[in-house]
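Dear colleague,

I am passing on the model below, together with some notes on what I found in it. Please read the notes with the coordinates open beside them.

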Amino acid sequence: MALSANRSIASSASALRNISLWFAVSALLCLVLVDIQISSADPWAELARMTAGALSPSVWSWPTLLSGLANTFAFALQGVTLAAIAGFVLALGYRFALIRAFCAFVRSIHELFWALLFMQVAGLSSLTGLLAIAIPYAGTLAKIYGELFEEVDPAPANNLPHREPGLSHFFYAVLPLAWRSMATYTSYRFECAIRSSAILGFVGLPTLGFHLETALSDGHYSEAAAFFYALLLLIGTLRLWLHKRLLPVYLVAVFYYLPPQATISWQLLVRFVSEDIVPAPLRGEALWNGETISHFAQWFNLLWQQQIWPGLFNTVLLGQISLVFTGLLALALLPLNSPLFMRPRRLISRGRFMSHGRLMDRNWKRGIGDSILILLRTLPEYLLAFIGLLIFGPSMLPAILALGIHNGAIIGHLLGRYTEELSLRADANSGVTLYFYEVLPRIYRQFLAFLFYRWEVILRETAILGILGIATLGFYIDSAFETFRFDIALLLILVSAALNISVDQFARYLRQRLQLKTVPESL
Amino acid sequence: MNDSPTPPPALFQFRQKSLQYEGRSVLDNVSLSIAAGERVALIGGSGAGKSTLLKALREQRPDTVAWCPQQPGLVPILSTFHNIYMGALEQHSLPYNLLNLIKPLAGARSIVEPIAQQLGLEQQLFSSIDKLSGGQQQRTSIGRALIQQRAIFLGDEPVANVDEYQGEALLKLICQRHQTVVLALHDIIQALSVCTRIIGLQDGAIVLDAPSEQLQASDLAGLYGAS
């Protein structure tokens, strides 16, 4: 009796410890199975050439660079605008399970896969770029908006005389309360959209990624560096020139500059929908015919053995290692953005620094530390993985590094900011001891919440890195598109969507079970 | 103030000092000296400046006092054992501390366990702090001060969350383990029975400073509520 009582008393820490242990063990197991050999002959030489290129950026053609920049910006702004409108409408019905499922489905398919799909009917057009961003982003924004609407203070709504939850009721008592958070989150998503837009260039759309891929593949690192810096500059300076009041001007400008259009052959579209994406054994056959079904079973069985299973296996394997690596990196990086570790020397004298809580908020050390995190966050993981492949050769190592660095920096940044709210005793330790005894235990819950929130994103990215040649689901999807086997491509995309949705559900279950805060931030 | 023929050396000393709390002046013109071996109780209503004075005392000798603040600053998911051990972090090497965080080491246990026993926490030693009652948390906080084995104890309402009987026992334990003790207390009877000197604070000034044997509970009642 006493023993079992004791065990339940001690559970708050041990539940977190156990779950962390399981994740670490699973990642170690995956590490045994995964291929992380460095296969390039001389990675240092490649790295040296890249560094030399990075230090001597040269613009090969200004018009190309500027149009790449403009296209990247235009796709992102158009896509997010459309996504915000659609997401808002969807969020109004977010209490309906069907709408929630629909949103989960559209956002579980990565924008690159959407782009590959639309390219088949709308070609490399501005419409393809717009839709590829708008559709998955609408699913994400609908979820965030919907959750924000559910979490607003219910008091104002309850105090209204007519308690029928109509639309005017919503516009007066719910929307104003959620508005600020919606705006903040949408602007964060816009930054993500610029990354997505740049990456769309890797499959052929005329954004920065297109030129980056060409320059990197040809080993023209100085030119690549110029495009790379242009992307960083675009994202880094957003705050300076993308003001709320100027937004309408920019919107008119991007729709004028790059009107969403495509020459769609209706014949082709009909064929694509009614024939190309239908599994080959079912085309033009009677569905409930025994022979058709057995053909389909054979087709699926073969596909399962050769593509679905290995693709799934590798995606989960790589995703799991990347998740744990992301977590470790986030914990290692968080001091860079924490006032507890990055503080001016004069305030370090023990016992005094805590009483100047606000004063130490802005200091140059932390400024530099956080800039590093923001820079790492700004780099799209797809691009990082591509560069990693050039250095280390084909293996899963570049993918792990890319996913870990990008996501670890995002979580590290947020965790660092979270440590601002910790109030420590005046006689608290400093340095490593402070980190392990005071900070880590206090932020661990939040850390797991962030990491689980990011899990689905990491897995979606893992799948997409397959396009670069790593044998995750994306690899098989890309090959199917290249060989015009759209039925297989679609099926594999649906498999990857199902995987993402299940992981998202599992992460949500874990967050609830461990009582982790589920309110999203800029994740 | 102290007219004994050979005054022992002063541990803490203020000469006409103004003390601030979050940028606001709380105590004006404080002159005060506390000698080794004294057991001082700070008495006064809330906002009278007890915590401010304690903080100022601590800053005079940050490395020789065991500090027991009103907000105990316990780490929620760590166990009672770890929260007590945290007072002794500086006495051990970094690798030792980190190892002990992962798995409680025998050496650390042999220091912490007797303290936990004295505080009546042996049953909760490996429970996380957030599962403990307010009184148990407060005892843990005292444990963190005891483990430092320092000569001076500064406590801000160290027994406010435990019942009278336990409070008395804990205060006796604190006095027994420290040569010099300065406590902010709101219980006048406790202050008189445990401490040798009473300092009364009111409206940002020291209005009373006398040996407790010369005082009655009724002398101190005016420090609360009356004004």
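In what follows, an axis is a line fitted to C-alpha atoms, taken for a helix over the stretch in contact, and an angle runs from 0 to 180 degrees between N-to-C directions. Please keep in mind that this is a predicted model.

With that convention, helix H6 (residues 111–122) of chain A packs against helix H7 (residues 126–151) of chain A at an angle of about 145°, and their axes are 8 Å apart. The crossing in which H6(A) passes H7(A) is right-handed. On the side of H6(A), the residues that make the contact include A:Trp114, A:Phe118 and A:Met119, while those from H7(A) include A:Leu131, A:Ile135 and A:Pro136. Sorted by class, this contact of H6(A) with H7(A) has 11 nonpolar, 1 polar and 1 charged residues.

In chain B, an open sheet of 6 strands is arranged in the order E4-E5-E6-E3-E7-E8, and its pairing is mixed. Strand E4 (65–68) and strand E8 (205–211) of chain B are the edge strands, each of which pairs on one side only. On average, and ignoring direction, neighbouring strands of this sheet are turned by 15° against each other. Helix H5 (residues 134–146) of chain B packs on the sheet, where it touches E4 and E5 of chain B, and its direction makes about 170° with that of E4(B).

Strand E6 (residues 180–184) of chain B deserves a separate look. It is largely enclosed by the rest of the structure, because 5 of its 5 residues are buried. Both of its faces are covered, with B:Thr180, B:Val182 and B:Ala184 buried on one side and B:Val181 and B:Leu183 buried on the other. E6(B) pairs in the parallel sense with strand E3 (residues 39–43) of chain B over 4 bridges, and B:Ala41 stands opposite B:Leu183 of E6(B). Strand E5 (residues 152–156) of chain B also runs parallel to E6(B), joined to it by 5 bridges, and B:Asp156 has B:Ala184 as its bridge partner. Between E5(B) and E6(B) the chain passes through helix H6 (residues 164–177) of chain B, in a β-α-β crossover that is right-handed.

Finally, the contact between the chains takes 22 residues from chain B and 21 residues from chain A. On the side of chain B that touches chain A, H3(B) gives the most, with 4 residues, and the classes are 13 nonpolar, 5 polar and 4 charged residues.

With best regards

Key: Residues numbered from 1 in each chain as written. Chains lettered and ligands numbered in written order. Predicted model: local features only at pLDDT ≥ 70, side-chain atom pairs only at ≥ 80, totals over all residues. Contact = placed C-beta atoms within 7 Å. Helix = DSSP H or I, 4+ residues; strand = E, 2+ residues; numbered from the N terminus. Nonpolar A, V, L, I, M, F, W, Y, C, P; charged D, E, K, R; others polar. Left-handed = near helix turned anticlockwise from the far one by under 90°. Buried ≥ 20, exposed ≤ 12 C-beta atoms within 10 Å, placed from the backbone. Pairing = 2+ DSSP bridges. Right-handed = clockwise from strand over helix to strand, strands pointing away.
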